[in-house]
Amino acid sequence: MGCSIDITSATDMEAVTFKKLVKGHAYSVTGAKEVNYRGQNTKLIRMRNPWGEVEWTGAWSDDSNEWNYVDPSQRDELRNKMEDGEFWMSFQDFLREFSRLEICNLTPDALTARRFRKWNTTLYSGSWRKGSTAGGCRNYPATFWINPQFKIKLEDEDEDDDYGTEKGCTFLLALMQKNRRKERRFGKDMETIGFAVFAGSQGVPGTVSCAP
């Protein structure tokens, strides 16, 4: 899980806020905990700055007074006064300060559930070729349609106890760049890529369009 603060201009990138949060940065979410604070349960979330330094200085930061009102055994377990880029903040502050939360799951096998479920995994291979299948992102509507497209049809509805009365089919979708890290020694970096999902009508497959 990762989170970030949206930027409004290029000058905002990696700008540090008054309470030491870095805009446009990809923070890692490393934990969550509920503590008893002055008689009330308070939800906390732990994050890490990839720089390994520059930490949140607001409530529940390393040196904040809030820790003085937490049971000492729990405080010693959670509190970390090192300048290592990792810090706690309240979940309410997290919702107020951060713009995005991204959740990445490598494969359905890693998911936990109340009972055993069977997942099917399908891999589609494709590539972007200049002048042929590289249509660019959706900012280029005239050529976006030539990007690789894959049709997906979901036939088995989720069981009734999964999502109450709402009917649907659960699926996970991910886009991967193969062997790209190996090319860093040649001066190449990861490409900016993404996909758009278009819903089909009943009985008609939906479409996934992948774009550089």
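Lys 43 and Glu 34 join their side chains in a salt bridge, 3.4 Å from N to O. A salt bridge here is a side-chain nitrogen of Lys or Arg within 4 Å of a carboxyl oxygen of Asp or Glu. The model is predicted: local features need pLDDT of at least 70, side-chain atom pairs count only at pLDDT 80 or more, and totals for chains, interfaces and linings use all residues. Residues are numbered from 1 along each chain as its sequence is written, and side-chain values use heavy atoms, with hydrogens and water left out.

**Salt bridges overall**
- Searching the whole structure turns up five salt bridges.
- Side chains of opposite charge can pair when their charged atoms come close.
- Glu 34 is partly exposed, at 40% relative accessible area (buried is under 20%, exposed over 50%, partly exposed in between, with a 1.4 Å probe and protein chains only).

**Asp 6 and Arg 100**
- Asp 6 pairs with Arg 100 in a salt bridge, and their closest N and O atoms are 2.7 Å apart.
- Asp 6 sits in the loop between strand E1 (2–4) and strand E2 (27–37), while Arg 100 belongs to strand E5 (residues 100–102), so the pair ties together parts 94 residues apart in sequence.
- Strands (E, at least two residues) and helices (H or I, at least four) are DSSP runs, numbered from the N terminus.
- Asp 6 is partly exposed at 35%, and Arg 100 is partly exposed at 46%.

**Asp 93 and Arg 96**
- Asp 93 forms a salt bridge with Arg 96, with the closest N and O atoms 2.0 Å apart.
- Both residues lie in helix H2 (residues 91–97), three residues apart, about one turn of the helix.
- Asp 93 is buried at 10%, whereas Arg 96 is exposed at 58%.
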